[in-house]
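Please look at the sequence and the structure together, and follow the description from the whole chain down to a single residue.

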Amino acid sequence: MTVTNKKHSRELTEHFFRNEYGKMVSVITKYIGTENVQTAEDIVQETLLKAVDYWQHNGIPKNPQAWLYTTAKNLTLNILKRKKYQSELNEQTIGQNSEQLEKMEISEELISDEQLKMMFVCCHPKISENSQICLILKILCGFSISEIANAFFTTTETINKRLVRGRKQLRTNNVSFELPKNLNENLPIVLKTIFLLFNEGYSPTQKNELIRYGLCLEAIRLCEILVNSENLEKKSDCFALMALMYFNASRFDSRMNATNSIIEMDKQNRKNWNQELINLGIQNLNQAINEKQVSIYLILATISANHCIAPSFEKTDWEEILSLYDGLIELEDTPITRLNRIVALSKVKGNRKAISELEHLEKKSKIDKNHLFHSTLAELYKLENETEKAKNSYKKAISLTKNKRDANLLQKKLIEVVPI
């Protein structure tokens with residue numbers, strides 16, 4: 001096999017690792033139980049290692065997905081056979097599961113059903129919220145531990161502990177691999193995790209890529225499972241989150257230039273915005289509005305819709321957006337929400353008012369640990385011709401950013417303020 005083919009094989013394997021990992025773990029868990037979810041993960045890991053070795057030496061099979069699931073199924077059957085002899089108590093159940101697994105035929109419907117169950121298994125009430133989110137990101141979405149740590153702004157050691165705790169709670173509470181009677185009760189944590197997944201794709205914290213399309217598409221796919229489920233009675237938040245993701249995704253192609261550098265919204269060519277995705281966003285937003293349930297996702301989606309339908313950045317309905325942020329603060333008064341509100345505030349009430357609000361926010365919170373706080377402050381200082389303050393704020397923002405992509409953008413802005 002040539003070097004090029006080997007590289008292509010590795011890339012395809014990595015693609016399947018990200019896109020099939022959670023699907024495969026969910027399907028396997030159906031047959032070995034939630035108490036053995038770690039074993040299911042190990043089986044998938046081994047399957048993918050076998051794929052790397054086999055595909056590099058024998059070429060990529062015609063149906064890579066079928067190859068992966070067949071290999072995973074055989075590995076699972078071997079484990080079930082071993083367990084059958086290890087535990088007489090579960091022998092009948094294990095035998096039945098083995099028979100069902102042997103007859104299993106992979107379909108998108110089966111995968112969706114099992115992933116829906118896995119979403120709610122990970123969000124069992126006996127599991128802490130932090131562990132719930134970590135389990136979904138690791139098991140369903142195939143996040144690495146370091147990616148989860150970055151998403152939580154914490155250490156890999158902390159995430160490891162949360163995962164260990166979460167898996168232990170799955171075992172000790174005998175969590176059934178079935179849908180709960182009231183899905184809506186645990187829906188908020190599922191949606192929160194999907195939104196976190198989308199944001200990691202939209203603004204990666206770890207890699208220097210501008211956008212990680214795969215993660216964003218995975219988040220939309222998981223939300224589609226919820227939207228299409230007949231088991232959910234109230235779907236307003238599902239539709240609202242779907243709308244929000246479609247609106248944000250519509251701007252993908254205009255967020256970067258030929259050199260893969262960020263283009264901020266005020267400089268984007270709106271003709272490059274994907275009108276089809278905007279229309280899908282509007283359809284989902286209308287579905288959410290029809291249920292007449294005000295929520296964080298509905299307000300965020302409406303804010304994003306205002307950006308998408310505005311003819312230009314300056315002609316955006318900033319007063320409407322500021323009003324929406326004020327409503328959002330009533331539901332979720334966090335430093336990040338107040339920081340995101342600042343641009344609209346500056347457009348409606350002026351830069352000095354916005355600077356004053358940021359200074360007040362800094363005193364009341366730890367927002368000054370976030371590079372976005374300092375970059376926003378720098379922009380306002382620049383607009384007010386306070387060059388020295390703008391320069392210092394840009395430098396502080398650069399020192400706090402963890403992503404080279406963001407640092408490069410801030411460095412360019414700093415040079416614009418203080419030319420070399």
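In this predicted model, the protein chain exposes about 21400 Å², and carbon and sulfur atoms supply 48% of that area. Turning from the surface to the interior, buried residues account for 51% of the 420 residues in the protein chain. The secondary structure consists of 19 helices, with zero strands. When contacts in the protein chain are taken between residues at least 6 apart in sequence, 64% of these contacts join residues at least 24 apart.

Helix α5 covers residues 108-122 and helix α6 covers residues 129-140, and their axes come within 8 Å and cross at roughly 150°. Because angles over 145 degrees count as roughly antiparallel, this crossing makes α5 roughly antiparallel to α6. On the α5 side, the residues that meet α6 are Gln-115, Met-118, Met-119 and Cys-122, while α6 contributes Gln-132, Leu-135, Ile-136, Ile-139 and Leu-140. Sorted by class, this contact of α5 with α6 holds seven nonpolar and two polar residues, and no charged residues.

Ser-229 lies in the loop between α10, which spans 213-228, and α11, which spans 236-249. If residues up to four places away in sequence are not counted, Ser-229 touches Leu-116 and Lys-235.

Definitions and conventions: Residues are numbered from 1 along each chain as its sequence is written. This is a predicted model: local features need pLDDT of at least 70, side-chain atom pairs count only at pLDDT 80 or more; totals for chains, interfaces and linings use all residues. Side-chain values use heavy atoms; hydrogens and water are left out. Axes are lines fitted to C-alpha atoms, for helices over the stretch in contact, and angles run from 0 to 180 degrees between N-to-C directions. Helices (H or I, at least four residues) and strands (E, at least two) are DSSP runs, numbered from the N terminus. Angles under 35 degrees count as roughly parallel, over 145 as roughly antiparallel, 65 to 115 as roughly perpendicular and the rest as oblique. Contact means heavy atoms within 4.5 Å. Ala, Val, Leu, Ile, Met, Phe, Trp, Tyr, Cys and Pro count as nonpolar, Asp, Glu, Lys and Arg as charged, and the others, Gly among them, as polar. Buried means under 20% relative accessible area, exposed over 50%, partly exposed in between (1.4 Å probe, protein chains only). Accessible areas come from the Shrake-Rupley method with a 1.4 Å probe; for residues, only the protein chains shown count as cover.
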